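Take a look at the structure first, and then we can go through the rings together.

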Amino acid sequence: MRQVHPDYNESSGLVVDGSIRIAADDNPVLIGTECSECEYVVFPSRPFCRNCLSDNVSDVELARTGHLETYTVAHTGQDGIEPPYAFGFVNLENVQVYSRFTEWKERSLEVGDQVELVLEKIKTDPETGEPLFGHMFRPMEEEQ
């Protein structure tokens, strides 16, 4: 199953957050930074360690699945984002990521649920009218 949004065109570069890449298997992957001095991992990627301030850091691919730590539903909109929408924190292997959620109306969200990374339309570029894409997480289907 293809995980990347069907309207996303990688050559257009219309990604809201530059810390997302499309892996060889056509699935999105988040890019974080890992410190070689203290092993602290942060997302999005940064040129230095936020924990010990070392510049001995490198990009790392983060896990595509994690567990929902907490979330809320916003009923007022941000510029270009239609409410209601859900957002919160996801715990990946060694980093916590802030994210919006998709498919939360169809599948209920519960703290502790397993979620997976997807690339979705975040909003429309107000200048060009083109869709802008970014990362979201969605609840994973329970295995039967």
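The charged end of Arg100 sits over the ring of Tyr85, 5.2 Å from the ring centre (here, NZ of Lys or CZ of Arg is within 6 Å of the ring centre and within 35 degrees of the ring normal). This is a predicted model, in which local features need pLDDT of at least 70 and side-chain atom pairs count only at pLDDT 80 or more, while totals for chains, interfaces and linings use all residues. Residues are numbered from 1 along each chain as its sequence is written, and side-chain values use heavy atoms, leaving out hydrogens and water.

**Ring pairs**
- Searching the whole structure turns up three aromatic pairs (rings of Phe, Tyr and Trp, the last by its six-membered ring, with centres within 6.5 Å; planes under 30 degrees apart are stacked, over 60 edge-to-face, the rest tilted).
- Phe87 and Tyr98 form a tilted pair, because their ring centres are 5.9 Å apart and their planes lie at 55°.
- That pair ties together parts 11 residues apart in sequence, since Phe87 is in strand β6 (residues 85–91) and Tyr98 in strand β7 (residues 96–101) (strands are DSSP runs of E, at least two residues, numbered from the N terminus).
- Phe89 and Tyr98 have ring centres 5.7 Å apart and planes at 65°, so this pair is edge-to-face.
- Ring pairs join Tyr85, Phe87, Phe89 and Tyr98 into a cluster.

**Accessibility**
- Phe87 is partly exposed at 24% relative accessibility (between buried, under 20%, and exposed, over 50%, with a 1.4 Å probe and protein chains only).
- Phe89, at 33%, is partly exposed, and Tyr98, at 42%, is partly exposed too.

Definitions and conventions
Helices (H or I, at least four residues) and strands (E, at least two) are DSSP runs, numbered from the N terminus.
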